[in-house]
Amino acid sequence: MKRLAVCGSTGSIGVHTLDVVSRNRARYELFALTAHSDVDGLAAQCRRWRPRIAVMSSESAAGRLAAILAEEIPEIEVLAGASGLTQVAMHPEVDYVMAAIVGAAGLMSSLAAARAGKRVLLANKEALVMSGRLFMDAVRDGGAELLPIDSEHNAIFQCLPRAHSGPVESGVRRVLLTGSGGPFRARDPESLHDVTPTDACAHPNWSMGRKISVDSATMMNKGLEVIEACWLFDMEPESVEVIVHPQSVIHSMVEYEDGTVLAQLGNPDMRTPIAHALAWPDRIDSGVAPLDLVGMSRLDFEAPDFDRFPCLRLGFEAARAGGTAPAALNAANEVAVDAFLNGRLRFTRIARIAEATVAACSGEEPRTLDDVLDLDRLARIRAAEFIKTFSD
Ligand code: NAD
Ligand code: MG
């Protein structure tokens, strides 16, 4: 029996994780659940799962949850804030941590889990993008097991010769990172100026949280995933190729020196990578329907269009530049996407804000957690300034 902390349990990945656990109750015990502000959502999960600890972001939300639970399930301990998150991520009784908080807000708990030597199921790609070397060093020094949840990276992990993250074996020539191209793959670039958050969040193949849905529409998601792949598998950006594959059935591939290409296929359902990472090296039921290859009949591939999707180009550029670029790109993107989702920024401005912020924050690679946090803060300030300048 493995004890699991799900950081971000009310989100899309969190809910899919609970679904996989519900099918494998003999193997996993939910020790801790966390949410940002959805008190009722976390209360409902606590009633069903009866974790030992529940965490809310603010003291006031934690107080409201504690008041609800005090009547019904007083044995659940309610914690608040970043310290509560870190506490569950490094709790001595926790074996596995699902890092499924969205954005930089997940950095501290993801890093704490790595330092404490947990099995880290990493969905929170932003944490790795912003703190790459620090994070990978924490995994190594803490003796953690890092299992990628991002479907592409989970696929690569499965196609590598040694099912373990870290430097790839010789014989690997490239990784081929697939991406659907999002909802605007074939849309006239001129018309992108006026797209709404609802348009941008309508992904053709995946149902996800709003931030990653916008990232998929700009293809910033794929750009961040290039950086994520470089850190996870110790690859150079030159060895990572992005291929647009609209059906999202091949989740990524690894190409070997002898011409072999290994691919991982499956229906586009995050319960597959979640189940894989939970059970690895075993396999468990995920609830995902078998892939119907005959019914599907065709798989298409296209080269990515870097003009239509400048955010993808920015991701590659940041991966090559290193230094402050990845963290600045991530912070600027979070600020710009938030502004877009709240009607304060046009969709097509997201790339411009990101590019200007990266240029305004150039410098040495952050070496310590404080460096990373300072850079993140600075990039957010710069991005907010550029939003004022560029909004129309
Ligand atoms: P989501 O918005 O659906 O859920 C986010 C979760 O994080 C929620 O539980 C929310 O309460 C919590 N949260 C949000 N802000 C927080 C804060 N400031 N402090 C503490 N908790 C906070 O997001 P999601 O789609 O589940 O994505 C989660 C992560 O997984 C992201 O990093 C995303 O890039 C990655 N990911 C998601 C998918 C997917 O299919 N949804 C696929 C690949 C990777
Ligand atoms: Mg992905």
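This is a predicted model: local features need pLDDT of at least 70, side-chain atom pairs count only at pLDDT 80 or more; totals for chains, interfaces and linings use all residues.
A residue counts as buried when its relative accessible area is under 20%, and as exposed when that area is over 50%, with partly exposed residues in between.

Glycine 63 stands elsewhere on the scale. It is part of helix H3, residues 59-72, and its relative accessible area of 38% makes it partly exposed, because this value falls between the two limits of 20% and 50%.

Attention now turns to the interior. In soluble globular proteins, nonpolar side chains tend to be buried together. In this model, the largest nonpolar core has 135 residues, of which Leu4, Met98, Phe135, Ile149, Leu278 and Phe347 touch the most other members. Helix H14 (residues 325-341) supplies the largest share of this core, 12 residues. The core also takes at least three residues from each of two domains, namely domain 1 (2-148) and domain 2 (164-267 + 295-389).

The ligand site likewise involves both domains: domain 1 (2-148) and domain 2 (164-267 + 295-389) each contribute at least three residues to the shell around ligand 1. This shell comprises 22 residues, and the closest are Thr10, Ser12, His36, Glu126 and Gly209. By class, 10 of the shell residues are nonpolar, 9 are polar and 3 are charged. Among the elements that each provide at least two residues of the shell are helix H1 (12-22) and helix H6 (125-142).

Threonine 10 places a polar side-chain atom 2.8 Å from an oxygen atom of ligand 1. For serine 12, the atom concerned is a polar backbone atom, at 2.9 Å from a ligand oxygen. Glutamate 126 takes part through its side chain, where an N or O atom is 2.6 Å from an oxygen atom of ligand 1. Of the 830 Å² of accessible area that ligand 1 has on its own, the protein covers 86%.

Methionine 219 is not a glycine, yet it has a positive phi of about 65°. It occupies the loop between helix H9 (210-218) and helix H10 (220-233), and with a relative accessibility of 3% it counts as buried. Aspartate 234 also has a positive phi, near 50°, in a residue other than glycine. This aspartate is located in the loop between H10 and strand S9 (240-244). Its relative accessible area is 52%, so aspartate 234 is exposed, the threshold for that class being over 50%.

A further backbone feature concerns a proline. The peptide bond that leads from tryptophan 280 to proline 281 is cis, with omega near 5°. Proline 281 itself is found in the loop between helix H11 (271-279) and helix H12 (293-296).

Technical notes:
Residues are numbered from 1 along each chain as its sequence is written. Chains are lettered from A and ligands numbered from 1 in the order in which they are written. Side-chain values use heavy atoms; hydrogens and water are left out. A residue is near a molecule or strand if one of its heavy atoms lies within 4 Å of it. A polar contact is a pair of N or O atoms within 3.5 Å; within protein, one must be able to donate a hydrogen and the other to accept it, and residues adjacent in sequence count only if both atoms are side-chain atoms. Accessible areas come from the Shrake-Rupley method with a 1.4 Å probe; for residues, only the protein chains shown count as cover. Helices (H or I, at least four residues) and strands (E, at least two) are DSSP runs, numbered from the N terminus. Ala, Val, Leu, Ile, Met, Phe, Trp, Tyr, Cys and Pro count as nonpolar, Asp, Glu, Lys and Arg as charged, and the others, Gly among them, as polar. Domain bounds come from an automatic or database domain assignment. Buried means under 20% relative accessible area, exposed over 50%, partly exposed in between (1.4 Å probe, protein chains only). A nonpolar core is a set of buried Ala, Val, Leu, Ile, Met, Phe, Trp, Tyr and Cys residues joined through side-chain atoms within 4.5 Å.
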